[in-house]
Amino acid sequence: MYFGCNYGLKTYDGKNWRSFNIPNTTIIRSMAAGDDGLVFYGAESDFGAMLSDDQGNIKFYSIYLNKFKDEPDFSSVWKTLIADDKVYFQTFEKIFYCDLPLKFDQNDSLVNEIKTILPETLFHLSFSVNDKIYIREWEKGLHVLNGDQKELIPGGEQFALSRLY
């Protein structure tokens, strides 16, 4: 079992607890596991994947730092979701996403393109239901993602000022 916390990652195998520190940040806010068992994490100013070896050691691969060289223009990744063969990393300021599976070149650099979706205001929280991503945007309402576009769902405007959890 994996648990994100204020000081990295805690794992529990039914008998023993282990702690792992993330090299680029401290707090893991969200995680999601793909069908292949690869675990993705969303953290404070970072997101990526956890690669494990046969001994149970975990290496944190920062997708953000390996694809973007500038300082993060977002705070925390509050939701990490998988739907429709894509992984999504949702912040209040934007959503990052890429196709799965992750592909690496001979230098261990990520080949997948990272795309973004921007809000008109700020995002609140997102949800994965039946292989679709739903996102609440402040002052707008509840949307469904269709490709790289947000579409307000019927009646979704009633959540423009109401939080959803």
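## Backbone exceptions and a surface patch

Pro101 sits in the loop between strand 10 (95-99) and strand 11 (115-117). Strands here are DSSP runs of E, at least two residues long, numbered from the N terminus. The peptide bond from Leu100 to Pro101 is cis, with omega near 0°. Most peptide bonds are trans, and most residues other than glycine have a negative phi.

This is a predicted model: local features need pLDDT of at least 70, side-chain atom pairs count only at pLDDT 80 or more, and totals for chains, interfaces and linings use all residues. Residues are numbered from 1 along each chain as its sequence is written, and side-chain values use heavy atoms, with hydrogens and water left out.

Ser45 and Glu139 are non-glycine residues with positive phi.

| Residue | Phi | Loop |
|---|---|---|
| Glu139 | about 65° | between strand 13 (132-137) and strand 14 (141-146) |

Ser45 is partly exposed, because its relative accessible area is 27%. Glu139 counts as exposed at 57% relative accessibility. The cut-offs are under 20% for buried, over 50% for exposed and in between for partly exposed (1.4 Å probe, protein chains only).

Now the surface. Met1, Phe3 and Trp17 form a nonpolar patch with about 360 Å² of accessible area together. A nonpolar patch joins side chains of Val, Leu, Ile, Met, Phe, Trp or Tyr within 5 Å, each residue having over 30% relative accessible area and no salt bridge. A salt bridge puts a side-chain nitrogen of Lys or Arg within 4 Å of a carboxyl oxygen of Asp or Glu. Areas come from the Shrake-Rupley method with a 1.4 Å probe. Phe3 belongs to strand 1 (residues 2-5) and is partly exposed at 35% relative accessibility.

Key: Patches are made of residues with over 30% relative accessible area and no salt bridge: like charges are joined within 9 Å, nonpolar side chains (Val, Leu, Ile, Met, Phe, Trp, Tyr) within 5 Å. Helices (H or I, at least four residues) and strands (E, at least two) are DSSP runs, numbered from the N terminus.
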